Amino acid sequence: MKSFKDKFERKILYTAAIIIIAIVLLNHNYINIFISGTEESGLAQEVFAESEAEEPINGAESGSSGNMQTVYGDNVADGEYDIDVDSSSSMFRITKAVLLVESGKMSSVITLSGKGYGKLFMGTGQEADEAGEDEFIPYEENAQGAYTYKIPVEFLNKEIACAAWSIKKEKWYDRNLIFKSDSLPEGVIDVADADADGMMIPEFGYEGGDKTVKTAETKAEDGKYMLNVELSGGSGKAGITSPSEVTVRNGAVWAKIEWSSPNYDYMIVDGNRYNVLSSEGNSVFEVPVLELDKEFEVIADTTAMGVPHEIEYTLKFDSSGFNIDKSNVAQNSKMIIIIVTIICILLAFIIGIFAGRKIAANKRQNK
């Protein structure tokens, strides 16, 4: 008859084996997500959704408008239009949005699916904590009893930070909204004027008015890369962040240029003007890369000297950053799976040996 001690030790052995198997399975799932590059879908998406429902998110990652142009109010005809809006959170679902445009100023009346948010703030939750009550946007009930909010819209096709106050949790939750211009009626956006005025960032391969935006060509796969970039020209005091984030779409190459100063308000590349993306922090632009491994000329306008002044620079991007062997990444990840699995099997085997010896020794002592 088995003693209580024998049964207890066997339970420990079985529990250890179950834990090891669970570790292997979880490791396999998460590494597979890494291999396939689908952090934003499948299991990862479920994990993000669950965590968001429980905790307020500050600085949450948001969606993007893909390769659509950034559209400003000056390029949208006056009127009222239904518009589609992407939200970074399933907990902040917009069932209807009406875009209001008047004299270059845009706003929108959005209707939410629920009644969990008492007020909104255009910015982050951290900024909302420091703001006054007069800066908050309260809800209004429509004829159907749904909560609506009238919010300013700075631009279309680019994320807009919006904090939502949870009535139940009494906390701010960060959300990001993207108002999509492709859902507006045809002819509402004046594309030609926008291109000529430099108020829109042309999409990859975009042709507007009498201008064609051309970039260097590459055989690199579509996606985001980090390329080293050299800046020359000017007084030598200015600098840019290197490596730079470079995006490839359909063989066209675009780059985000971040200057070491907040005083640049626009850049001119190949005769086209590109406005600064944000008024906060150092000046950042999204511009076409005309050449790879060769210098090409750009102009940047600075207000640091009191009077706007255009300065000529050259940029040179190192294309070696494209030479990323993704198959090696996948192969290394598979090796991690194999190594972890082998270690867990060996660990279970060793535990089994020691536990077996312990049980056998106890049996001999009991005889």
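The model is predicted, so local features need pLDDT of at least 70 and side-chain atom pairs count only at pLDDT 80 or more, while totals for chains, interfaces and linings use all residues. Residues are numbered from 1 along each chain as its sequence is written, and side-chain values use heavy atoms, with hydrogens and water left out.

Strand 18 covers residues 252–258. Helices (H or I, at least four residues) and strands (E, at least two) are DSSP runs, numbered from the N terminus. Five of the seven residues in strand 18 are buried. Buried means under 20% relative accessible area, exposed over 50%, and partly exposed in between (1.4 Å probe, protein chains only). Strand 18 runs antiparallel to strand 17 (residues 244–249), and four bridges join the two. Thr-247 has Trp-254 of strand 18 as its bridge partner. Strand 18 is also antiparallel to strand 21 (residues 284–288), with five bridges between them. Here Lys-256 is partnered by Glu-286 in strand 21. Two strands pair if DSSP finds at least two bridges between them.

Side chains of opposite charge can pair when their charged atoms come close. The structure holds four salt bridges. A salt bridge is a side-chain nitrogen of Lys or Arg within 4 Å of a carboxyl oxygen of Asp or Glu. One of the four joins Asp-82 and Lys-96, at 3.2 Å from N to O. Asp-82 lies in strand 2 (residues 79–82) and Lys-96 in strand 4 (residues 94–102), so this pair ties together parts that are 14 residues apart in sequence. Lys-96 is partly exposed, at 42% relative accessible area.

Asp-86 forms a salt bridge with Lys-180, with the closest N and O atoms 3.6 Å apart. Asp-86 sits in strand 3 (residues 84–87) and Lys-180 in strand 12 (residues 171–180), so the pair ties together parts that are 94 residues apart in sequence. Asp-86 is partly exposed at 34%. Lys-180 is partly exposed at 22%.

Lys-119 and Glu-133 also meet in a salt bridge, at 3.6 Å from N to O. Lys-119 belongs to strand 6 (residues 117–121), and Glu-133 to the loop between helix 3 and strand 7 (137–138), so parts 14 residues apart in sequence are tied together. Lys-119 is buried, with a relative accessible area of 18%. Glu-133 is exposed, at 56%.

Backbone geometry has some marked points. A cis peptide bond joins Ser-242 and Pro-243, with omega about 5 degrees. Pro-243 lies in the loop between strand 16 (229–233) and strand 17. Asn-157 is not a glycine, yet its phi is positive, near 70 degrees. Asn-157 is buried, at 2% relative accessible area. Asp-293 is likewise not a glycine and has a positive phi of about 65 degrees. Asp-293 is partly exposed, at 38%.

On the surface, Glu-127, Asp-129, Glu-130 and Glu-280 gather in a patch of negative charge. Glu-127 is in helix 3 (residues 125–129). A nonpolar surface patch of about 960 Å² includes Met-335, Leu-346, Phe-349 and Phe-354. Phe-349 belongs to helix 5 (residues 326–366) and is exposed, at 56% relative accessible area. Patches are made of residues with over 30% relative accessible area and no salt bridge, with like charges joined within 9 Å and nonpolar side chains (Val, Leu, Ile, Met, Phe, Trp, Tyr) within 5 Å.

Conventions
Accessible areas come from the Shrake-Rupley method with a 1.4 Å probe; for residues, only the protein chains shown count as cover. Lys and Arg count as positive and Asp and Glu as negative; His and the chain ends are not counted. The place of a charge is taken as NZ of Lys, CZ of Arg, CG of Asp or CD of Glu.
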